[in-house]
Every structure is written in C-alpha cells, then in structure tokens.
Amino acid sequence: MKAIVIRAFGGPEGLEVVDLPVPAPGAGQVLIATEAVGVGGVDTVIRSGALAAYGFTEGFVPGGEVAGTVTAVGDGVDASWVGRRVWAFTGTGGGYVEQALAPVEQALPLPAGLSPTAAVTLGSAGAVAHFGLRHAHFAPGETVLVRGAAGSIGIMAVQLAARGGAAAVAVTTSSPARGERLRRIGATHVLDRSGEGGEGAPAGYDVILDIVAGAEMPAFLDRLNPNGRMVAVGAVAGQPPADFGTRIMAAFQKSLSFAAFSAATVPPADLAAVRGRQFAAAGRGELDTVVHEVLPLDQAVLAHRKMDAGEVFGRIVLVTAVSGA
C-alpha cells in the first residue's frame with residue numbers, strides 16, 4: 001500500500017512516498033481503506049523533529065485521523081464493522097496511508113450526508129474545541145478570544161463559543177480577508193496576530209483558547225479579565241518561554257488560571273458522544289466544516305509546504321485513489 005513516511009526530520013521535503021505491507025488488525029482494532037486523511041498542525045510539528053525527544057523517529061508515518069471503509073477487524077471486534085464507512089482517530093500517527101489501523105473505540109460510523117472529507121475536517125478539531133472550552137469553564141455571557149482562529153480547531157471554537165452564548169468572540173488571524181470569513185461563522189471582533197486592533201473589542205477576556213503558544217503567548221495572559229482562564233490546546237508556534245508562569249504570578253490579585261488540554265485525557269465514550277452530535281449537526285448544515293484544499297495522498301509534501309507557509313484556512317485533506325478523487 002502507498003504510505004507517507006518522515007524520511008528525514010526538517011522541512012516538508014523530508015516526507016517520502018513509500019510502499020508498505022498492508023497491516024493486519026490486532027485485538028480491538030479495525031483496518032480502514034482510507035478515503036480522506038486530515039492534515040493537522042501536530043503533523044508538521046512532528047515532521048520538523050521538534051518532538052523527537054518524545055519518541056518520534058525518522059520513518060514515522062504521520063496523520064491522526066482518517067475516514068473510509070472498514071475492511072477487516074481484529075480479535076474481539078464485532079464483524080458487523082466490516083463494510084461500514086467510518087471516521088477514526090489513529091493516534092499520534094499512522095494516518096497517511098491507504099490502509100489505516102485504529103482502535104475500534106476510536107471509530108465512529110459516518111452519518112448520511114457527511115462526506116469523508118468533512119469528517120476529517122471536524123472529527124478531531126471539533127472535539128478539541130468542545131472540550132477545550134469546557135476545560136476553560138466557559139459559560140454563556142462570557143467574552144472569548146480564540147488565538148490562531150484560522151485553523152480547523154479555531155474555526156470550530158469560534159462556532160461553538162458563538163452557539164454557546166458568548167457575549168463576544170474575538171479572534172486573532174493574519175489578514176482582514178480571513179477575519180471576514182471568521183465573522184461569517186460567529187466572530188464578533190477581528191484582531192491581528194499580536195492581539196491588537198478590532199474596533200470595539202473587549203479590553204479583556206474571560207476565556208482565551210490558545211492554539212498557537214510560542215514566544216508571544218505570555219503577553220496574552222495580560223488580556224485576561226480577573227478570574228480569567230487561558231487554555232492551550234495546541235502549540236503550532238512551538239513552546240512558550242520557560243518562565244511564562246511569572247506573568248500569572250505578577251498579576252496575582254487577578255486570580256488568573258492557565259491550563260493545557262489534550263483530548264487524550266477524555267474517555268473514548270465521551271469523545272464519541274460529542275463527535276456523534278457534531279457530525280449530525282454538520283450533516284444538517286448547522287456547523288461549517290471548512291476545507292482549504294483537497295490533495296492526493298502523494299502530494300503530502302505540498303500540503304506541508306502550505307501549512308508551513310501559513311496559507312491554510314481550515315483544513316487540508318489528503319485523499320486516496322479509493323475516494324475517486
């Protein structure tokens with residue numbers, strides 16, 4: 001089967017198309033003939049080598065979510081899964097392939113009206129946005145800032161905060177054009193990447209959902225209201241400075257909170273329930289799944305170049321020959 005591996009850490013050119021044996025599903029796993037594969041920010045971070053200290057090695061297959069048809073099941077899995085079209089989370093990698101393995105508890109049947117491309121745009125991003133806002137104890141009537149709102153997680157966070165009754169939903173993004181697109185899905189104020197601008201924007205925020213992290217993250221702690229909460233759900237710009245916590249201590253009397261959130265801490269059944277509701281809402285047209293571009297699987301290098309260049313609004317999706325694209 002065709003697969004994409006990280007031949008060498010560094011730039012997108014370190015990705016390589018290879019042929020690998022079709023894997024056999026182990027106990028509790030399903031094998032999926034992929035039609036669509038989501039390209040996520042974490043994929044580019046792993047490819048860069050920034051997470052090599054966490055056990056990622058050259059030869060690794062990136063990609064965390066796929067959609068397609070179950071072709072085989074492992075021990076302990078109901079045979080009725082075979083033939084079902086599903087979305088599935090493969091983990092931190094293993095998705096850039098024509099035949100992907102996934103734990104059955106991380107697979108979800110696709111509802112009628114939801115395409116595989118839409119599913120991999122929503123599946124992980126929607127859950128992270130939902131549980132990230134919950135981790136921040138977001139409540140109706142509060143002000144929210146989504147930092148780095150043009151990616152798939154940010155786009156979902158904007159919609160969920162607006163649907164959840166936020167008093168204001170401010171976003172940081174790189175251009176007025178992107179800002180206008182975010183306004184159409186629920187943003188009320190558009191700021192530049194540094195958090196400036198946005199006529200009439202709140203002076204402070206009750207909740208900041210941060211997908212960017214990086215060197216400028218500490219400055220956004222200053223934008224929290226008293227009792228404000230910042231939750232980092234990503235780090236596409238890299239780690240924040242090691243001493244960023246001093247910003248919280250310097251504002252001790254504001255009772256600020258900072259937390260990191262990973263969907264890995266959410267029980268699979270809870271993730272499945274939320275994803276099921278979001279898939280149904282997207283199928284009814286109540287949630288927008290924004291696809292930047294659809295590319296063949298063997299164009300993963302191009303997909304990563306676009307990601308690195310900051311050109312992507314929404315999600316890039318890789319498709320296989322099975323999809324007919």
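The model is a predicted one, in which local features need pLDDT of at least 70, side-chain atom pairs count only at pLDDT 80 or more, and totals for chains, interfaces and linings use all residues. Residues are numbered from 1 along each chain as its sequence is written, and side-chain values use heavy atoms, with hydrogens and water left out.

Four of the five residues of β1 are buried, where buried means under 20% relative accessible area, exposed means over 50%, and partly exposed lies in between, with a 1.4 Å probe and protein chains only. The partner of β1 is strand β2 (residues 15-19), and the two run antiparallel over five bridges; strands pair if DSSP finds at least two bridges between them. Within this pair, Ala3 stands opposite Val18 in β2.

Just after α8, Gly310 takes a positive phi of about 70°.

Next, look at helix α7 (residues 268-283), which holds Gln278. Gln278 counts as buried because its relative accessibility is 6%. Leaving aside residues up to four places away in sequence, Gln278 touches Leu122, Gly126, Ala127, His130, Leu160 and Leu287; a contact means heavy atoms within 4.5 Å.

Two cavities of 30 Å³ or more turn up in a search of the whole structure. On a 1 Å grid over the protein atoms alone, a cavity is a set of points where a 1.4 Å probe fits but cannot get out, and lining residues have an atom within 4 Å of a point. Grid points are joined across faces, edges and corners, and a volume is the space filled by probe spheres set on the points. The largest cavity holds about 40 Å³ of space, and its lining includes Trp87, Glu105 and Arg275. Helix α7 gives the most to that lining, with four residues.

The second largest cavity also holds about 40 Å³. Among the residues that line it are Leu122, Met156 and Asp288. Two or more lining residues come from each of α2 (116-135) and α3 (152-163), and α3 gives the most, with three.

Finally, a word on the backbone. Most residues other than glycine have a negative phi. Asn227 is not a glycine, yet it has a positive phi of about 70°, and it is found in strand β12 (residues 224-232). Ser255, also not a glycine, has a positive phi of about 55°. Ser255 sits in the loop between α6 (245-250) and β13 (257-260), and it counts as partly exposed because its relative accessibility is 41%.

Note on methods. 1 Å grid on protein atoms, 1.4 Å probe; cavity = no way out; pocket = protein on both sides within 12 Å on 5 of 7 lines; lining within 4 Å.
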